Amino acid sequence: MKKSELRNGMIVTTRNGSKYMVLKDSCFTVGEYNVDETSDILITLGATGYLNLDSYDEDLKFDGHYNDAQWDIVKVEVGKYCADYGAKIENRYQNTIELY
């Protein structure tokens, strides 16, 4: 899978095991910091935080200022339902794409 193929609602897993939901063209708030323009982000599931998709190359390798492979995307999951996220995330996916 390529970065350009990611769609809203997909769940990605990074090499370090963290899970994120893809949110493209989104405005968001982190704490008291408001982002005024839209951005493609990965929002953390089960914790607070996000990653910017601009930090990834087309092959889903992390290319941010940390240049750390632990943030590479290694799995992409496509949910059966639009509300597939949260506590039962690991059991509710019809298609899983293992990348590495």
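How far can the model be trusted? The mean pLDDT of the protein is 78, and 68% of the residues reach at least 70. Confidence is highest in strand E1 (residues 11-14), at a mean of 94. It is lowest in strand E8 (residues 93-98), where the mean is 55. Residues 86-92 have a pLDDT below 50. Beyond near neighbours in sequence, that stretch has seven contacts in the model. Where pLDDT is low, the predicted coordinates should not be read in detail.

Start with strand E1. E1 runs antiparallel to E2, and three bridges join them. One of the links can be named: Thr13 has Lys19 of E2 as its bridge partner. The two strands form a hairpin, with four residues between them. Gly17 sits in the turn and has a positive phi of about 95 degrees.

Now move on from E2. This strand also pairs with strand E5 (residues 39-44), again in the antiparallel sense, over five bridges. Here Met21 has Ile43 of E5 as its bridge partner.

Next, look inside. Of the 100 residues in the protein, 33% are buried. The largest nonpolar core has 14 residues. Those with the most contacts inside this core are Leu6, Val12, Val22, Leu42, Tyr56, Ile73 and Val76. Two elements give two or more residues each to the core: strand E2 (19-26) and strand E7 (73-79).

The structure holds one aromatic pair. Its members are Tyr56 and Phe62, with ring centres 5.4 Å apart and planes at 75 degrees. Planes over 60 degrees apart count as edge-to-face, so this pair is edge-to-face. Both Tyr56 and Phe62 are buried.

Finally, step back to the whole protein. Among contacts with a separation of 6 or more, 41% link residues 24 or more positions apart. The accessible surface comes to about 6200 Å². Carbon and sulfur atoms account for 45% of that surface.

Key:
Residues numbered from 1 in each chain as written. Predicted model: local features only at pLDDT ≥ 70, side-chain atom pairs only at ≥ 80, totals over all residues. Heavy atoms only, no water. Buried < 20%, exposed > 50% of the residue type's maximum accessible area, 1.4 Å probe, protein only. Contact = heavy atoms within 4.5 Å. Areas by Shrake-Rupley, 256 points an atom, 1.4 Å probe, with all protein chains shown as cover. Core = buried A, V, L, I, M, F, W, Y, C linked by side-chain atoms within 4.5 Å. Phe/Tyr/Trp six-rings, centres within 6.5 Å; stacked < 30°, edge-to-face > 60°. pLDDT = per-residue confidence, 0-100. Pairing = 2+ DSSP bridges.
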